[in-house]
Amino acid sequence: MKSDRVLEIFKEITRVPRESGHEEQIIAYLQRFATSHSLQCRTDKAGNVLIIKEAAPGKEDVPVLVLQSHSDMVCEKNSGVEHDFAKDPIKYVIEDGWMIAKDTTLGADCGIGMAAALAAVEDQAPTGRIESLFTVSEETGLDGANALEPGFISGKILINLDSEDEGELFVGCAGGIDTVADFNWKTKKLSHGTSLLKIKIYNGLGGHSGDDINKGRCNAVQQLSRFLYSEIRYGFDLCSIDGGNKRNAIAREAEAVISVPDPAATSARFEAFGRTLQQEFAVSEPGLSFESSAVSMEIQEAIEDSVAEALVKSMFAAPHGVLAMSMDIPDLVETSTNLASVKMTGQGKIRVGTNQRSSVTSEYLAAAAKVEACFSLAGARVTHDAEYPGWKPNMDSAVLEVCRESYRKLFATEPVVRAIHAGLECGLFLDKYPDLDMISFGPTLRGVHAPGERLDLKSLDKFVELLDDVIKTYSGQTE
């Protein structure tokens, strides 16, 4: 198995639409791949696909390896960019050793894992049985892993290919839950003698709400709420508000249209606020931008005052970021919460989306309860969904030792073994298949879940070399 082939397959995948919940085309691609290589393929009711490379003669007693990745991707783009994720291929460039999608997400999370798993089953090297498992809708609720039925896979060793730091072997991950607050509102007439103003925070780096939550990134929804809260003393009508998108992504952009008595004064205060943000985030967010502009559209109504004020106050008060660090594993975020999005969903509703994570179940439930309390006090209806369990580290794992030894042999250095604050599907697999021995590793990715997502091609070489060596080790092959 060669990294050039893995990259070639990944480039094919970038041309196949696969937004979470809309995986029909990537499922068909996987099925065609299996057929063209004369490989057995199964697809379950949820859309999970299993492609099987049978054991070579004499390798029937080799332990079955399950190579697992998810087939969906987070679809994010910069504002003003024309890109239809339902039909357009991902546009990328190769620069300075990186594969980069500058205006959209790249989908290397977890498309590069898919490509490696496909390269493994098409490879002609004599190995034991390999089962490449591709699950659906991981990014929006781990739906495929949740729906996985007993007996769909037969292997008891699972290698998850959804990690993002080469040189690190992951043996545990956080669990989590989504918390959603819905506000009902009625309209009011705009106050007399006011002017419409759009205020916008944009060009944030955003990022993964697990991996990047401790990196000091600007949350545009949180900061827009901060400014609006400071404006309550001056008086304004809130006409519209929109910010963030996916619950597992840090909000990069947020904007509101407000009606104000003195637009020049409001704009001046927002300009000053923007300069303050640029100072506060000078290190972590050098490109952070802000702007205010007059609105020419005809708007006659706004959100009723009581709901607008409750929304702004609760979003400003809602926690965001790291809540606790692990006492057991150095530098591991244990518990966090992400104030992800605010959307006017029509029919008199405003929805605020959040996500809580922790390696301790009781802690993410407590964080979710804290967020619920905040928005409940503001009069919102709060619900929870998409809960998934964490994956408790097993430092005595046999597959961990195999991977460690392969890494030492190949690269003459010791890999880092750790848990990750992001959510992986491994916890759900363990619930369904208690005998699984699991590990996760991958190449280096940066900026996942945000435009500008990039793949380090040198790390891809090492990732593929490691995976290939682990497969050969289990199959009893020697160079």
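The points that follow cover cysteines, charged pairs, an annotated segment and aromatic rings.

1. Basis. This is a predicted model, in which local features need pLDDT of at least 70 and side-chain atom pairs count only at pLDDT 80 or more, while totals for chains, interfaces and linings use all residues. Residues are numbered from 1 along each chain as its sequence is written, and side-chain values use heavy atoms, with hydrogens and water left out.

2. Cysteines. With a disulfide taken as a pair of cysteine sulfur atoms within 2.5 Å, the count is zero. Cys41 is in no disulfide, and the nearest cysteine sulfur, that of Cys110, is 17 Å away. The sulfur of Cys426 has its closest cysteine sulfur in Cys173, at 6.0 Å, which is too far for a bond. On accessibility (buried means under 20% relative accessible area, exposed over 50%, partly exposed in between; 1.4 Å probe, protein chains only), Cys41 is partly exposed at 30%. Cys426 is buried at 0%.

3. The structure holds 31 salt bridges, each a side-chain nitrogen of Lys or Arg within 4 Å of a carboxyl oxygen of Asp or Glu. One of them joins Glu76 to Arg252, with the closest N and O atoms 3.1 Å apart. This pair links distant parts of the chain, 176 residues apart: Glu76 is in the loop between β3 (65–70) and β4 (93–95), and Arg252 in the loop between β12 (237–244) and β13 (254–260). Helices (H or I, at least four residues) and strands (E, at least two) are DSSP runs, numbered from the N terminus. Glu76 and Arg252 are both buried.

4. A strand-to-helix bridge. Lys188 forms a salt bridge with Asp305, again described by its closest N and O atoms, which are 3.1 Å apart. Lys188 belongs to strand β10 (residues 187–189) and Asp305 to helix α7 (residues 305–317), so the bridge ties together parts that are 117 residues apart in sequence. Lys188 is buried, at a relative accessible area of 17%, and Asp305 is partly exposed, at 46%.

5. A helix-to-helix bridge. Between Arg226 and Glu280 there is a salt bridge with the closest N and O atoms 2.9 Å apart. Since Arg226 sits in helix α5 (residues 220–231) and Glu280 in helix α6 (residues 263–280), the pair ties together parts that are 54 residues apart in sequence. Arg226 is partly exposed, with a relative accessible area of 25%; Glu280 is also partly exposed, with 42%.

6. A charged network. Salt bridges with shared partners join Glu401, Arg404, Glu405, Arg408 and Glu414 into one network.

7. The annotated segment. An unreviewed UniProt entry lists residues 203–263 as "domain: Peptidase M20 dimerisation"; UniProt positions are given in the numbering used here, feature names are shortened, and annotations may be inferred rather than shown by experiment. Over residues 203–263 the chain is 21% helix and 25% strand, and its end C-alpha atoms are 24 Å apart. Glu255 lies in strand β13 and is partly exposed, with a relative accessible area of 26%. Its contacts (heavy atoms within 4.5 Å), leaving aside neighbours within four places in sequence, are Lys198, Ile199, Lys200, Leu224, Ser240, Ile241 and Asp242.

8. Aromatic pairs. Nine aromatic pairs are found in the whole structure. Rings of Phe, Tyr and Trp (its six-membered ring) pair if their centres lie within 6.5 Å; planes under 30 degrees apart count as stacked, over 60 as edge-to-face and the rest as tilted. Phe227 and Phe270 are edge-to-face, at 4.9 Å centre to centre and 70° between the planes. The two residues are 43 apart in the chain, Phe227 in helix α5 and Phe270 in helix α6. Phe227 is buried at 1% relative accessibility, as is Phe270 at 0%. The rings of Tyr229 and Phe316 have centres 4.9 Å apart and planes at 25°, so this pair is stacked. Ring pairs also link Phe227, Phe270, Phe273 and Phe290 into a cluster.

9. Charges over rings. The criterion is NZ of Lys or CZ of Arg within 6 Å of the ring centre and within 35 degrees of the ring normal. Arg454 lies over the face of Trp98, at 5.1 Å from the ring centre. Lys462 lies over the face of Phe411, at 4.8 Å from the ring centre.
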